[in-house]
Amino acid sequence: MSRTGTQLLNDVKGNLGNRSDGYIGNQAIDTVTVKAINLAQLNISRKYQLPNLLRNATLALTSVAYQYSFPTTDTNANAITVRNILVTYLVKSGETTSTPLIRISVSKQDHAFGYISSSSSTGTPRYYTYYNNKLEFFPYPDGAYTAYFRLCVWHTDFDDNNMGTAQALGTEFDDVIENFATMVLYKKLQQIDDAAFWNNEYKLSLREAIKSVRHNPDWKPSVATLEGAGVTQPWLNPTVRR
């Protein structure tokens, strides 16, 4: 299991030796350390699509209604903040065959669909846009559908209320987070040689962690079994070479 926020805090402070108490500038060392841990998580998660940050979500579509707020929870009822939509497809109510959806930009949506009224453009949706946490589907749904999403989400920062929870990136990244946060603190302390050492440790541990998760196949088949929906098209099956 991944280390908790409290464990990471203590491990990072342990790397500071006799500098682990007091203040850095006008902030308590614990406050600065938690910020460095959160910065480490952000620095990693915005660069890499990590298996531990992949989620499934669903959305119920009704006839003619084309605009929806994006789901705020995944299929396990956990709160999510979407970073990227990886796969989207529809299953019509009473059917099992899935229909893939193509994401288009807002400008293309306005050009292609802006002049069409809902009453003249209903059918099986083929396209969608996503902006400002809103989804729009085109053509407008001609009945009830369920939209299935495979997502990459953002991690949750540590604060006073969740330091006892495990970091979300995965066990492989415990040392990466610790090393990055330690490097940040030594920079703030203006200990350049120590900061350089921990920066090198961070890079080495990051390389090993990324190598580990890239050989982890756990996330690949999951798209094909989202909530038991049928996936008959080969382009929706990530185990098929294409």
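Modeller: The chain holds five helices and twelve strands, where helices (H or I, at least four residues) and strands (E, at least two) are DSSP runs numbered from the N terminus. This is a predicted model, in which local features need pLDDT of at least 70 and side-chain atom pairs count only at pLDDT 80 or more, while totals for chains, interfaces and linings use all residues. Residues are numbered from 1 along each chain as its sequence is written, and side-chain values use heavy atoms, with hydrogens and water left out.

Of the 242 residues in the chain, 43% count as buried (under 20% relative accessible area, with exposed over 50% and partly exposed in between, for a 1.4 Å probe and protein chains only). The chain exposes about 12900 Å², of which carbon and sulfur atoms supply 47%; these areas come from the Shrake-Rupley method with a 1.4 Å probe, and for residues only the protein chains shown count as cover. Among contacts (heavy atoms within 4.5 Å) with a separation of 6 or more, 69% are between residues 24 or more positions apart.

Helix 4 spans residues 174-188, and Thr-182 is found in it. Thr-182 counts as buried because its relative accessibility is 0%. Leaving aside neighbours within four places in sequence, Thr-182 is in contact with Val-12, Asn-15, Leu-16 and Trp-198.

The axes of helix 4 and helix 5 (residues 192-214) come within 8 Å and cross at roughly 160°, the axes being lines fitted to C-alpha atoms, for helices over the stretch in contact, with angles running from 0 to 180 degrees between N-to-C directions. Helix 4 is therefore roughly antiparallel to helix 5 (over 145 degrees; under 35 counts as roughly parallel, 65 to 115 as roughly perpendicular and the rest as oblique). Helix 4 passes helix 5 in a left-handed crossing, meaning that the near helix is turned anticlockwise from the far one by less than a right angle, whereas clockwise would be right-handed.

Another partner of Thr-182, Val-12, takes part in the meeting of helix 1 with helix 2. There Gly-5, Leu-8, Leu-9, Val-12 and Lys-13 in helix 1 meet Ile-29, Asp-30, Thr-33, Val-34 and Ile-37 in helix 2. The axes of helix 1 (residues 5-14) and helix 2 (residues 29-45) come within 10 Å and cross at roughly 110°, so helix 1 is roughly perpendicular to helix 2. The crossing of helix 1 and helix 2 is right-handed.

Val-87 sits in strand 5 (residues 82-92) and, because its relative accessibility is 24%, counts as partly exposed.
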